[in-house]
Amino acid sequence: FGGVTYTKQGYKNQKVVENTGVYGDTKQKDTNTSLDFGFQQKLWVLELYPMVTYSMHRSNQNFMLYKYLGDTAPQFSAKYYDFNELVFNVPLDLNVTSRWAIGGAVNVTKRSYSKRKARDANNNFTGSAQSNTMSTLTGSIRKRMNDVATMRLFYSLVIASSNNKFERYLPYNYTGNTFGVSYQLSY
């Protein structure tokens, strides 16, 4: 399977930040283009669902980096929110019985910003573009309830890393854990 998705967002009230540090008359517009490819394969007792997605996000919104309250010389960064993203996802189920399966998945998301410079721990722009990687490892137990419904108990470990080291307001480098239950209907 494969697909192409194009999304265009036009904001009614959000204005674009100008290089003077004030909002201008231009309204913010974002577009997102995604291409995805994958397949579903059953091999004996294994079910495999690999998928690759490539996305391009474009925005006319800019950014002013104020180092502190009252900063009189903020740094302007045009097209701060533009990025390209590659997602690689490989879920796998081992069918133990006709109703029960043990599953696992690997998901890697690599986001590279086109114009956004990474920041050091002191909130200074560095010379390199910001790049973030999020890797997720998941283990699960699945029960097929009937022909269309399944339930899954899962645990996921998330490891996020970035060359952006300024994390006062938003962490970029972290490890996380998730436990959950999902219910899926397929028809």
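Predicted model: local features only at pLDDT ≥ 70, side-chain atom pairs only at ≥ 80, totals over all residues.
## About the model

Local features are described where pLDDT is at least 70, side-chain atom pairs count only at pLDDT 80 or more, and totals for chains, interfaces and linings use all residues. Residues are numbered from 1 along each chain as its sequence is written, and side-chain values use heavy atoms, with hydrogens and water left out.

## How the strands pair

Let's start with strand β8, residues 83-95. Strands here are DSSP runs of E with at least two residues, numbered from the N terminus, and two strands pair if DSSP finds at least two bridges between them. β8 runs antiparallel to β4, with three bridges joining them; here L46 stands opposite L94 of β8. Strand β5 (residues 51-59) also pairs with β8 in the antiparallel sense, over seven bridges. In that pairing, M51 has N89 of β8 as its bridge partner.

Next comes β9, residues 100-119. It is antiparallel to β8, and 13 bridges join the two. They form a hairpin with four residues between them.

## A closer look at E47

E47 sits in strand β4, which covers residues 46-48. Its relative accessibility is 5%, so E47 counts as buried. For these labels, buried means under 20% relative accessible area, exposed means over 50%, and partly exposed lies in between, using a 1.4 Å probe and protein chains only.

Setting aside neighbours within four places in sequence, E47 is in contact (heavy atoms within 4.5 Å) with Q41, K42, P91, L92, D93, N95, R142 and R144.

The largest pocket holds about 520 Å³ of space. Its lining has 24 residues, and those closest to its centre are Y49, D93, R142, R152 and Q184. A pocket is found on a 1 Å grid over the protein atoms alone, as an open set of points where a 1.4 Å probe fits, with protein on both sides within 12 Å along at least five of seven lines; lining residues have an atom within 4 Å of a point. Grid points are joined across faces, edges and corners, and the volume is the space filled by probe spheres set on the points. β8, β9, β10 (125-144), β11 (149-162) and β12 (174-185) each supply at least two lining residues, and β11 gives the largest share, five residues. By class, this lining has seven nonpolar, ten polar and seven charged residues. Ala, Val, Leu, Ile, Met, Phe, Trp, Tyr, Cys and Pro count as nonpolar, Asp, Glu, Lys and Arg as charged, and the others, Gly among them, as polar.

The second largest pocket holds about 230 Å³. Of its 15 lining residues, R111, N132, M134, Y172 and Y174 are the closest to the centre. β9, β10 and β11 each contribute at least two residues to this lining, with β9 giving the most, four residues. The classes here are seven nonpolar, five polar and three charged residues.

## Positive phi angles

Most residues other than glycine have a negative phi. Where do the positive values turn up in this model? W44, which is not a glycine, has a phi near 60°. W44 lies in the loop between β3 (41-43) and β4, and is exposed, with a relative accessible area of 81%.

K79 is another non-glycine residue with a positive phi, about 50°. K79 belongs to the loop between β7 (75-77) and β8 and, at 37% relative accessibility, is partly exposed. N123 has a positive phi near 70° in the hairpin of β9 and β10, which has five residues between the strands.
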